[in-house]
Amino acid sequence: MTGEEMERAIEFLLQSQASFETRLERTAQQIAETGRQLQVYAETQSEFIQIATTTIQALSEAQDRADERLLRTDEHLSERLKQTDERLNRLADVVERYISERRDDNS
């Protein structure tokens with residue numbers, strides 16, 4: 001190999017090394033940017049999970065309160081229905097006595 005060929009080979013190797021280092025630096029920057037984007041994505045997902053969890057807990061608590069109110073309302077309605085049944089039974093007794101007394105008086 002002549003001196004000129006040697007110089008060209010060295011120049012080629014130096015250019016190749018420089019090109020490789022440039023590509024390597026770009027790749028490192030892309031990896032760093034991807035890492036930052038993944039971090040932002042992870043933080044966003046974490047916030048979303050916290051919001052969803054808080055919302056689900058609030059909905060669950062609201063459902064529990066609604067169930068309690070419904071139970072109290074049902075108990076109240078049951079008591080009112082029982083009272084109405086008792087009043088109707090008393091009214092039926094009065095009407096039956098009245099009819100029975102009228103029959104006895106007509107006999």
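Reader: How many residues apart in helix α1 are Arg36 and Glu33, and what does that spacing come to in helical turns?

Author: This is a predicted model. Arg36 and Glu33 are both in helix α1, 3 residues apart. Because of that spacing, the separation is about one helical turn.

Reader: In what kind of contact do the side chains of Arg36 and Glu33 meet, and at what N to O distance?

Author: Side chains of opposite charge can pair when their charged atoms come close. The cut-off for a salt bridge is a nitrogen within 4 Å of a carboxyl oxygen. Arg36 and Glu33 meet in a salt bridge, with an N to O distance of 2.8 Å.

Reader: How many salt bridges does a search of the whole structure find, and which side chains meet at 3.9 Å?

Author: The search of the whole structure gives 2 salt bridges. One has an N to O distance of 3.9 Å, and its partners are Arg8 and Glu4.

Reader: How far apart along helix α1 are Arg8 and Glu4, and are they buried or exposed?

Author: Arg8 and Glu4 are 4 residues apart in helix α1, so about one helical turn separates them. As for accessibility, both Arg8 and Glu4 are exposed.

Reader: How many helices and strands does the protein have, and how does its radius of gyration relate to the globule rule?

Author: The secondary structure is 1 helix and 0 strands. For 107 residues the globule rule gives 13 Å, and the radius of gyration is well over that, so the protein is more spread out than a compact globule. The radius of gyration is 45 Å.

Reader: What box do the C-alpha atoms fill, and what percentage of the residues count as buried?

Author: Along the principal axes, the C-alpha box is roughly 150 × 20 × 10 Å. Buried needs under 20% relative accessible area. Of the 107 residues, the share that counts as buried is 0%.

Reader: How many positive and negative side chains are there, and how far apart are the centres of the two sets?

Author: The protein carries 14 positive and 23 negative side chains. The centres of these two sets are separated by 11 Å.

Reader: Which residues gather in a patch of negative charge, and what is the relative accessibility of Glu68?

Author: The patch lies on the surface and consists of Glu61, Asp64, Asp67 and Glu68. Glu68 is in helix α1. Glu68 counts as partly exposed, with a relative accessibility of 46%.

Reader: Which residues form the nonpolar patch, and what accessible area do they have together?

Author: Leu88, Leu91, Val95, Tyr98 and Ile99 make up this surface patch. Val95 lies in helix α1, which spans residues 3–106, and counts as partly exposed at 40% relative accessibility. Leu91 is placed in helix α1 as well. Together the patch residues have an accessible area of about 480 Å².

Reader: What separates the C-alpha atoms of Val95 and Ser46, and those of Ser100 and Glu79?

Author: Val95 and Ser46 are 49 residues apart along the chain, and their C-alpha atoms are 72 Å apart. Ser100 lies in helix α1. Ser100 and Glu79 are 21 residues apart in sequence, and their C-alpha separation is 31 Å.

Conventions: Residues are numbered from 1 along each chain as its sequence is written. This is a predicted model: local features need pLDDT of at least 70, side-chain atom pairs count only at pLDDT 80 or more; totals for chains, interfaces and linings use all residues. Side-chain values use heavy atoms; hydrogens and water are left out. Helices (H or I, at least four residues) and strands (E, at least two) are DSSP runs, numbered from the N terminus. Buried means under 20% relative accessible area, exposed over 50%, partly exposed in between (1.4 Å probe, protein chains only). The radius of gyration is taken over C-alpha atoms; the globule rule is 2.2 Å times the number of residues to the power 0.38. Lys and Arg count as positive and Asp and Glu as negative; His and the chain ends are not counted. The place of a charge is taken as NZ of Lys, CZ of Arg, CG of Asp or CD of Glu. Patches are made of residues with over 30% relative accessible area and no salt bridge: like charges are joined within 9 Å, nonpolar side chains (Val, Leu, Ile, Met, Phe, Trp, Tyr) within 5 Å. Accessible areas come from the Shrake-Rupley method with a 1.4 Å probe; for residues, only the protein chains shown count as cover.
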